[in-house]
Every structure is written in C-alpha cells, then in structure tokens.
Amino acid sequence: MKPLLFLATAVLAAQTAAPPSWKTLKYPPLRDPHIPEVTQFTLSNGMRVFLLENHELPVVSGFALVRTGNLFDPKEKIGLAGITGAVMRTGGAGGKTGDQLNEQLENIAASVESNIGETSARVSFSALKENSDEVLGLFKSVIAAPSFAEDKVDLAKTQEKSGIGRRNDDPGDIASREFNELLYGKTTPYGWRAEYATIDAIVREDLVEFHKRYFFPKNIMLAVYGDFDGAALRLRLEQVFGSWTAEQPPVPDFPKVEAEPRPGVFLATKDDVNQTSFYIGHLGGTLLDKDYPALEVMASVLGGSPFTSRLGSAIRVQRGYAYQIGADWGANYSHPGTFTIVGGTKSENTVPAVKTIREEVDKFIQGQPSAAELQSAKDKILNTFVFNFDNPSKTLSRLVSYEYFGYPKDFIFQYKTAVEKVSAADVQRVARQYLKPQNFTYVLAGKPADFGTPLTALSLPVTPIDLTIPEPKADVSAADEGSISQGKQLLQKMADAMGGAAKVAALKDYKVAYSVDMSGGSGTMKAKQTQLWMAPGTIRQENDLPFGKVVAYYDGAGGWIKLPQGDAPLSGPVLKQMQEQSFHDLVGLARSASIPARRVNYVGPGVIEITDGGLVTRLEIDEETGAPKRQMYQATGMGGPQQVEEIYGPLQEFGGFRLPAKSTVMQGGQKFAEATLASAEFDTGLTRAQLSAKP
Amino acid sequence: MRKSAAALWFVAAAWGQNLPEFEKKVTEFTLANGLHFIVLERHEAPVVSFHTYVDAGSVDDSNGRTGIAHMFEHMAFKGTETIGSKNIVLEKKALANIEAVYDQLEQERRKGTGADEKRMAELQAKLKDAISTANTYVDSELYTRIMEDNGAVGLNASTGVDQTQYFLSYPSNRLELWFLMEADRFRAPVFREFYKERDVVREEKRMRSESSPQGELVDAMLAAAFQGHPYKTSPAGFASDIENYRVEDAKKFRETYYVPGNLTIAIAGDVDPKEARRLAEKYFAPMPKGELPPPVITVEPKQNGERRVEIVSAAQPMLLIGYKRPQNTHPDDPVFDVIDGILSGGRTGTIYKELVEKRKLALAAASASSFPGGKYPNLYLVYALPNAGKTVKELELALGGLIENLKNVPVDETTLKRVKTKVRAGLIRQLASNGGLASQLTFYHVNYGNWRVMFQGVEDIEKVTAADVQRVAQTYFVDKAKTVAYHVKPPEEHHQH
C-alpha cells in the first residue's frame, strides 16, 4: 500500500473534478456470457440424462424431474401428492430408515430432498465431490425404493393438518389462496385445497400406489451438475439406475383449465389486523402465447416495480397507501396463470386504494405507454438478461424445464428477440385485448369495520368469504344387529351402575358442581364449574375463572355465552363446543338407549360407540361392574380438531345416583384438566327459565 | 463413514490451505477518508455484485426516534442533488419551506390544550400546499429507475439492529454507474418526498408487526429480554415515533453515522480491482472524512430472574425462548454455533428429531445462535410452533428437557463431528455466489476486523470440544437468564372444558 500516493490522488480528485452526471456515462459493451454445453443421453432403462461439468468448487449436485404433480390428487384425497413427496424422503428408502438416511447424509454434509408440486415432482441431491458416489446411491433409493414408513406417513398428515389449522393466520395468505380458488374454481385441481377430511382419508397404501404410478424411468429426467468427469459419471449412472426397469403406461396430460370469470369483490373478514391484503385480477395465459413478450412488458409498465411503475407510483409513491404493490402477468409453462395485482394497505385506505388501482388500470388501457416507460420496461428485461447465465447451473435447469414442458431449446433467446421488438402500440394492443377490468375478481382480506369508506362505494357486488375450516367427518364403525344389541346391553349395565337404568332414563334435571385444575395454555389455573342439565339436553355452565366469570347456555339449537367483556349469541366454534359438551355429558350418554336419534354400537371389548347425527364418542365400560372408565372423542378447538380423552375415577354416591368423583381430561395425549365433583343434586325441579336467565 | 469423513477433511483443508489462493483474488484498500473496500475477482460471468455495509443500525436510533435508521435507508433511494430533481435550486427552497411550515405547526401543537385549533388547521393546509409545491420539482423515483433500467437485480437494502446494508448486482459494464450513484446518495442525498415515505414506512410496520401475530410476539419478547440496551426495540421502531419523524432526524442520523470510516464496501464478480480503485478514488474520495460515530453506551444490566410474556391472539400460537449470551467477538461464540448445529441443524438436529419427528409436538421448531444481532450481548433463541392439539406448555417443557440434556450429557463424538463437517461444507458452498460473498466479506471485516475470519472461524469451530458445549450450556442456559414469550388464546378459548 502507498497511502501517501492515495492521499494525494484523493485531494487532487476532490479539488479538480466535480463528479460527472449519470447521463454522460458511457458503458463498454458487455462481453457475451459463456453458454455451456449440456451433454444429453438416455440410460438403458429409458431415463433421460442431462450433464453439465463445472469444476469451480468440489461439489456435485443434481435433480430428477418426474412427470406428476398434485394436479393428479384424487378429489377425496387432496394432499396425497404433497404427502407422498415428503414421505419419500422422511420415511426411509432402500432398506434404511429415514433417521438412518438423515445421519448418513448429514455426517458427510450432503442432502437428498424430495417434493411434489403442482406440475412436477423433484428429487434433488447435493454432495461434496468425494462423497458423490455414496450419495448417488441414496438418491436412487429415494426415487426408486422409498419405504413409506407408517409413522412418517402419520407425521406428514399431522403436519399437514396443523398447516390447515394455521391457514387463516396471515391475511396475505388468505387473499392469495381465495383468489386462486375463485379464479380456477374450487372443484378443480387448480383451485381446490386440502381439508382435514381429505388428509384423514389418505393411508400409506395410497402413497405406495401414487409413487408406483408416476415414478418409473421413462417418466424421469435426471440432471447432474458440478465437479465430475462426464464419461465416468455416465457409466456410474448406468450402474446405479440401469437395473431399475419399472414400467407404467404413459402419464396423461394435466387437466385443462376451464373457468368462468368471477367478477366482484370477495371479502374475507379478519378482525385482528389493521391492514387489508388484496389480490385483484383474472386468469392469464401461458409462456407459449405469441403475445407473452408484449404482455410481460405491459405488466412491467403497469406494476413491475413498487416504485416506478404506474401502480407503484400512484399507490405507493404519490399516495403512500401501500408498502407492497405490484402487478404480474404470471404466465405458466403448462396452463393459464393469473394476472394479479397484489398489495396491502391500512384498513381505512382500502376503498381509496382499490379505486385508485381500478382508475390506473383503466387509464393504462385507454392510453399508450410513453416512450420512456416502454424503454424502461424493455431495458429492465434486456439489461438483466445476462443474469440468466450468471451461474452455469441455470442453463442446465432451464434446458431440462424446456424439455419437460415441450418448449423449444432456444425459447429464452426467442423471448429476448421478441421483447426487443415490442412497440408502444403492441403494449396498448395486448392491454386492450387481454386485460378485462370488468371481469376483475377483487379478493380483500382485512377488517371491514375499520374501512371508513364502505365497500359499497366501489359499486361492485360484495360476497363474503367463509373462512370456516370444515371439521373432518368422524369415523363411525360398522354395525349389525348383534353389535347394536350388545352395545345397548353394556350401556344399560353402565346406567345400572350409575343408579339404575330406569331412574336414569326418567331423570328430568340435575345440577353438579366441580372444582377444576387446568393445565392448559402455559401455566395452571384453578376454576369452579357448575353445570345445570335438563332433559333432553339443555345445559347451562357457569365457570369461575381467574380472569372472571364465564357463563354459557345451550338449548339444543342455540344459546349464548357471557364473558367478562360482554355477551354474544353462540356461533362458530363456540356453538360447536357447547353442542359437544351437551352430547358428551356422561349422564346424558347413559340415557342414549331411550333417545331415538342415537345409535349405540359395541365396537370392542368393553367399548361402545354412541353416535347422534355428526357427533360420535366412544365409552369404555368395565364389563364386570358397569363403571364408566374412559370416554374418547374428537372435539372442536380454535386450532382445529383435538383428540380428547376423559378418564373417570371410581363411582361415588350422590343423592341416589352414582357418578365418578374425579375425572381427568386429556387433550392431544397431554393432561389438560382434573375435575373433582363437589356436589350433585337430581330432579330439583329446574326450569328452562332458570337455565336461560342471563346473569 | 470414517473414510468419507477423512476425505471431507482433506477437501476442507485444501480450501483452508487455499486461503492464500483465495487471497490472490482479493484486493483491499482504504481511502484517505477512511472508507474501506474489499474487491473479489470472479470472472465466471459478466456480472458483478455490490454490498455496502454501514456499521449503524437501529441500536443507534435515539429515544422518540426509534426506527430512524430504517427511515434513512428508505430515503437513500429518493435521489440526490443531481438525480431526481427537475430544478434543484427551486426544489431545495420548496423543501426548506415545508420544514418551516412544519416547525410552526409543531410549535402550535406543543401548546397542548392551549393550541389554537383554527391556526392548526390553517397550518395543516399550508403544509399540504408546501408539500404539493415541492412535489412539482420531483422526477419521481428516478434514482431507482436508473438502477432498474440498467439491469440491476437483487436491488434492495435492509436495516437490522446492528447494521444497514445496501446491495445489488449489475451487468459488469455498469461498474462506473454504481460508483457514481452509491457515492452520490451518501454524499448528497436530497430528502424529497419524505412525509410520503414516512407513510410507506408506517405501512411496512403494519404489515410486518401489527398485522402479524408472530412479529408482535418477537417485539414483545425483545422488550422483555432487554431493559436498557437498544436491542429492546425492533428496527421498525414504534408506530408513534414513525408518525412524527422530521427530515432533520434523518439528516442528523446520516451526518453522524454515514461517515466514510463507518462504511465498508465489497465488490465481487467480473471486476478489475485497478479500475475499481480508480473509480473509488474518483467518486468516494470527495466524501469528507468526518468523525467516527459514538458507540452505544448502555450495557444491558444482568438479568436476574426468568421473564415471561404473553400475547393474546386468535392466531395459532408460537413459542419463543431466549437465553442471554455474549456478543459475537466473545471466545464462546463458536461454541454457540456448534450448539446451534446440535439443536437445529437439518434433520438430525435434536429439536427437529425430538419435537417434530418423534413426539409430533411441533409443526416446526428451530433455533438461532444470535438474536436479534450479534455485535452486543444478545440471545440464544429457540422457537417452535405447536401442532394442532398441542399446547405451548408441552412444547416449553419438551424444549427445556433438550436444553437440560445439553447440560447433563456430553455430546457424542459423531454428532460433534457432523456439526463441524457441515460448517466446513457450508463455507465451500457459499463460495459460489457473488452476492453472498460480498455480503460475507463486509460482515467479517466489520464485525471481526478481518474478512479472513470467514475462513479462520471454521478453524475455531473445529476446536470446540464436548466439554465446551456442556460448559457453555451450563453457564448460559439458566432459568434466571431466560425470557419466554408465547401466544395465548382470547378468553373464550379457556372455556374449552
């Protein structure tokens, strides 16, 4: 280093030259990127291979692209492809458990991963050069011989269901999901989504079948990149994969998109946010459309940048309505994508922001982009073109994608040439031809109470979106005359043990008080609970909780709940919970034989199943004494269904009847509460008015 | 297994030995005003990545001005005296007028209940006019437009607790354009459209924190874990502070913290270091040297008891557990990295194995060895999302069990070796990206005084023993230095049974 010289230069520079303007800068021509040659061949079993050597780093990586996708999910088992993709790897393969694979791979800092997306499956690997042989073997096992271990199938299903329970947490996710569903139609593979019931319907055998149908050599393209010798690798791949000769009929085409426009506003109410997320648009096209290059330029002028595009400038820069705003033509390889304007704005700006967007789109369609806008949009595409080649592996991935979807090899260069030729008139023409604002679907997720300007100001029909997550249908066991009569006998034995079947059946009302220790949430909590019950199933519950009193009433159809902060009619999950509580009441269940809507079925040693409409529970009863031992059922929770288990202690006498003095409630296998019976009174002459009186 | 581990050792060592080889591609120089450059040649493709690392972040925000580092970062895209104005003389006058009117409005507002409503309304209207007038001189967003039109990709900036970073990649023939624009924005920024951008920043806050239950939880966690040190406030700042920013606040922040000696720039890719040096002198040397900014003085007082935070939310819950740990220059830093690898590296990390796979308690669970930053004493963070039907309490117990295990049982050799192997391989994989390299070079230079620590740090991790892991776990993962934060349901959910 020669600091003195630098100092002198710096001083000189500072004194003499004012920095030149950006306008006067001249750029040297950009040297052409090197476009590497990809070697292609087919293995003896029909698997197509693409190789690209690169010796910069001692790493080898690759992926197999398999023609399948969640578009092939069976309607009643939506989620099957995704779960198959996950469990191919987690469930172990080639005689190794998932855990063994994890250890073996991570000990050498390598990876094998698999997933199945909408229009393809992808299994990938990465390894340091020295371990690449070892890892290729494991990679092949995951592709060709996954074990689908039962416990990992369960794990994947649990994870999927947790995801379903969380799907309404983020307003952006809600808007995006509902937008897709509206545009493609929720009865089509493009628009539907997994629910608890469709995940519950999936069993291991389904994964095995799905894998068998789509994973066969002729249906796979394999790409390998990195530090290897091409000739040696070719031999090695033949060794590893050649003996795998599974055959299946060719995989059919993906289903066609057939959807009608869904114009209007669709509103998802989410009261815990102060910002509205919006998705606005309609169906678009594919990359192969002859106008695709002009449409890309069009979308760029309209909303390509949150700062400088028409929408960015109007929404973010001029009005400060939004941090996020953009428009995207969104073309796909294989089926029409969605033209989408996406963003978020604070609740009270919702209507003005949507109005501004609509006005800007109209203005845009009516006019032509200025020469500067056109140039800018084209420059963005053309000047960033070199980044399609900044890493040689991109050339390999692109080539494989083109082959997979049947695109010309030089598609990217055709696209570049076409963009260069796009004129302002072209942009105007495609905007008029392809953008249909009258067909726009506007999906808004936010808190309408804070909108200020009401949505009616948009003069569009408003349809509320129901965000309720459908509960799974409970499993009900098969029954015959024998099992039903056996079930009734055991239930009668229980009723006898609880005070006599006839007495139980004739009971008109009762009142019980418990002291409850709860260990839910993140600490323990003591509570007192009083329950008043009237035949056939009206209940009133009073709970003294540390934060105040909660009282709820349910009459078999509806009711109310009173919280410290106010009262409300029962609705949604809370209504569901009260309905369930009325049904799962042990005394009420003991009366089931006399209730026509109920079915009592013997399903195993000491276990009966009682069903009533959609409600199901299982009771375990001591076959000797008739004492109830356990009740097991699925209950409604805010975060989705929960497995509940009530474990009953010994029966104790209370006013001529016998009830468990203690019961323990388990949720999801963990202790949730312990209830100790303090008092119980029967046939005290309770009236409906007493039960329904608000405190 | 033994064989492959040995082979890997050889590869990694080869790269370690190749530090001199790597060094050949690196040119470093410091301008007379103190601005440091690191240039890395990688001529694989005609592209180049730029990374400017400012050693100032939200820890340098002041009271009542939280988030101002972030606000300045936004203003750094608003243009300069030579970029973005239709008439700089008139524009400057109009901008000064906005401030004068705003001052009067503030004065009136400060009278509190004695403020004259009518005068306030007049001044509000005047302010609106003044802003409209100034806007007529703006060539809106020209600064960003120039970058985008010239082929910038990955164009963005970020403000963290410790640092602010500006980064992008260009086709390599745009080298001089980058120098011109980057120097201009730090030397002569014009704070145009400030109050509109303030709304945008407020909107960003809404999106990232107020409408996000998880963002809200993280904010609450930091506020509980730190009582004095500025890590207590997220880089977004408080909503009320954002709504009251003035141009002067952002100006002052720049003058104090954006001095050349506080900036480090890395350029990686298809670049000739001689040319880079020439252009650095040409464009950055005119930046006046300035005084180095003051350090953060407040040291977080010792925590002496567990802290718990609840956030009521109808959304699905999340659990965060943080233990106090020292800054990243502390000798125990590599041990925390190893612990992080043991607990949450890939599919073999014990948190994933136990909580996600084996016990199916968590939908996702992981850890972070330094949070929210690393320059000052911070937190070792563990976080998890319970599966449907599982509670935060169960997760907390389970995570606590894993932490206890670290203290009581020495980690086995296979696991320790695996973690170290992954760190080495991770370094090799990093070497393939211009942008990633530029970012790493500046990070190590600023935080450890030398970019070579990027390689040497791997050696430090290699030296960590099972006993170190146990000692560090026993020393730091104690209840009295712990903060726990989680969501609870609104009251009706307790009604469940």
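This is a predicted model: local features need pLDDT of at least 70, side-chain atom pairs count only at pLDDT 80 or more; totals for chains, interfaces and linings use all residues.
## An enclosed strand in chain B

Strand β6 of chain B runs over residues 263–269. How many of its 7 residues are buried? The count is 7 of the 7, so the strand is largely enclosed by the rest of the structure. In a regular strand the side chains alternate between the two faces of the sheet. In β6(B), B:Leu263, B:Ile265, B:Ile267 and B:Gly269 point one way. B:Thr264, B:Ala266 and B:Ala268 point the other way. Both sets are buried.

β6(B) is joined to strand β2 (residues 36–41) of chain B by 6 bridges, and the two run parallel. Here B:Leu40 has B:Ala268 as its bridge partner. β6(B) is also joined to strand β3 (residues 47–54) of chain B, this time by 7 bridges and running antiparallel. In that pairing, B:Phe50 is partnered with B:Ile267.

## Chain A as a whole

Chain A has 695 residues, and 43% of them count as buried. Its secondary structure comes to 21 helices and 27 strands. The C-alpha trace spans about 100 × 65 × 65 Å along its principal axes.

Take the contacts in chain A between residues at least 6 apart in sequence: 70% of them join residues at least 24 apart.

## A six-strand sheet in chain A

Chain A contains an open sheet of 6 strands, in the order β1-β2-β6-β3-β5-β4, with mixed pairing. Which strands form the edges? They are β1 (39–42) and β4 (111–116) of chain A, each pairing on one side only. From one strand to the next, the twist averages 15 degrees.

A:Phe41 stands opposite A:Val49 in β2(A). Elsewhere, helix α2 (residues 80–90) of chain A lies across β4 and β5 (121–128) of chain A. Helix α2 runs at about 165 degrees to β4(A).

Most residues other than glycine have a negative phi, and most peptide bonds are trans. Some places in this model depart from that. In chain A, the peptide bond from A:Ala535 to A:Pro536 is cis, with omega near 0 degrees. A:Pro536 sits in the loop between β14 (525–534) and β15 (538–545) of chain A. In chain B, a cis peptide bond joins B:Phe371 and B:Pro372, with omega about 0 degrees. B:Pro372 is in the loop between β9 (362–371) and β10 (378–386) of chain B.

A:Asp683 is not a glycine, yet its phi is positive, about 45 degrees. This residue lies between β27 (670–682) and α21 (688–692) of chain A, in a loop. B:Glu193 is not a glycine either, and its phi is positive at about 55 degrees. Its loop lies between α7 (175–187) and α8 (194–210) of chain B.

Is each residue buried or partly exposed? A:Asp683 has 15 other C-beta atoms within 10 Å, so it is partly exposed. B:Glu193 has 24 within 10 Å, so it is buried. The cut-off for buried is 20 or more.

Key. Residues are numbered from 1 along each chain as its sequence is written. Chains are lettered from A and ligands numbered from 1 in the order in which they are written. Helices (H or I, at least four residues) and strands (E, at least two) are DSSP runs, numbered from the N terminus. A residue is buried if 20 or more other C-beta atoms lie within 10 Å of its own, exposed if 12 or fewer, and partly exposed in between; C-beta atoms are placed from the backbone. Two residues are in contact if their C-beta atoms, placed from the backbone, lie within 7 Å. Two strands pair if DSSP finds at least two bridges between them. Axes are lines fitted to C-alpha atoms, for helices over the stretch in contact, and angles run from 0 to 180 degrees between N-to-C directions.
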